[in-house]
Every structure is written in C-alpha cells, then in structure tokens.
Amino acid sequence: KAVLLVRAPGGATLAEIPIPVSAEPYFWDGRDAEGKRLPPGRYGFALENYQNGELLATDPLETYARVTEARNENGEIMVVLDGETLIPSAEVTALRDPGTPLQ
C-alpha cells in the first residue's frame, strides 16, 4: 500500500491519506483523510510505501504549481504561485511549459 503524508511547513504530519499504488500522477484535493478541507497554505508531501504491512521507505515528493509572477523583494528573487503563495526562487527545481503533460 501507499500513504500520502501531508505536512505543515514545520514538518508536522497533518494528514495520512491512502492512495492507489500506481505510476499515474495523484492530484491532492486539499482535504485530509476524513474529507475535511485543510486551510490554504504551503504544504510538504512524502510517500510511505508498505509491503505486507511493513514500512519499506518514506520518500519526499516534489510538488507542482503554476507560477504567476516573479519579483525582487529586498534583493531576493521571489516566485508567486497560484493562490498567492510566495517562495524563494532557490526552492524552484524546474520550470516547464504548462501545456506539457506530467511525466
């Protein structure tokens, strides 16, 4: 089985969501395992992989968001994501054409 961990910026786990074991992309809808919507914010994600009930690995996951703006704030380049989330450009690991399918 596979479990998606949704984490707060400080690293605390907010939700553990069972997801299909698949190579297909998984799109998180902003809800916890009970279906309650989590407040808007910046979350981290990890994937727990199990076999026969035993935890094999916990791997951090990359996330994707549409960039709406880049700006210079006090000498640092900041990137604005959909939903007005602001992150340092140093945290961006890749950019791609939004028309390109996920791989």
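**View 1. The largest nonpolar core, in a predicted model.** Ten side chains build this one: A2, L4, V6, A15, I17, I19, L38, Y43, F45 and L47. A core here means buried Ala, Val, Leu, Ile, Met, Phe, Trp, Tyr and Cys residues joined through side-chain atoms within 4.5 Å; buried is under 20% relative accessible area, exposed over 50%, partly exposed in between (1.4 Å probe, protein chains only). β1 (2-7), β2 (13-19) and β3 (44-51) each give two or more residues to the core; strands are DSSP runs of E, at least two residues, numbered from the N terminus. The model is predicted, so local features need pLDDT of at least 70 and side-chain atom pairs 80 or more, while totals for chains, interfaces and linings use all residues. Numbering runs from 1 along each chain as its sequence is written, and side-chain values use heavy atoms, leaving out hydrogens and water.

**View 2. Around L38.** Leaving aside residues up to four places away in sequence, L38 touches V6, L14, W28, G30, R31, D32 and Y43 (contact: heavy atoms within 4.5 Å).

**View 3. The W28, Y43 and F45 ring cluster.** Rings of Phe, Tyr and Trp (its six-membered ring) pair if their centres lie within 6.5 Å; planes under 30 degrees apart are stacked, over 60 edge-to-face, the rest tilted. The whole structure has 2 such pairs. W28 and Y43 sit with ring centres 5.4 Å apart and planes at 75°, so they're edge-to-face. W28 and F45 are edge-to-face too, at 5.1 Å and 70°.

Terms used: Helix = DSSP H or I, 4+ residues; strand = E, 2+ residues; numbered from the N terminus.
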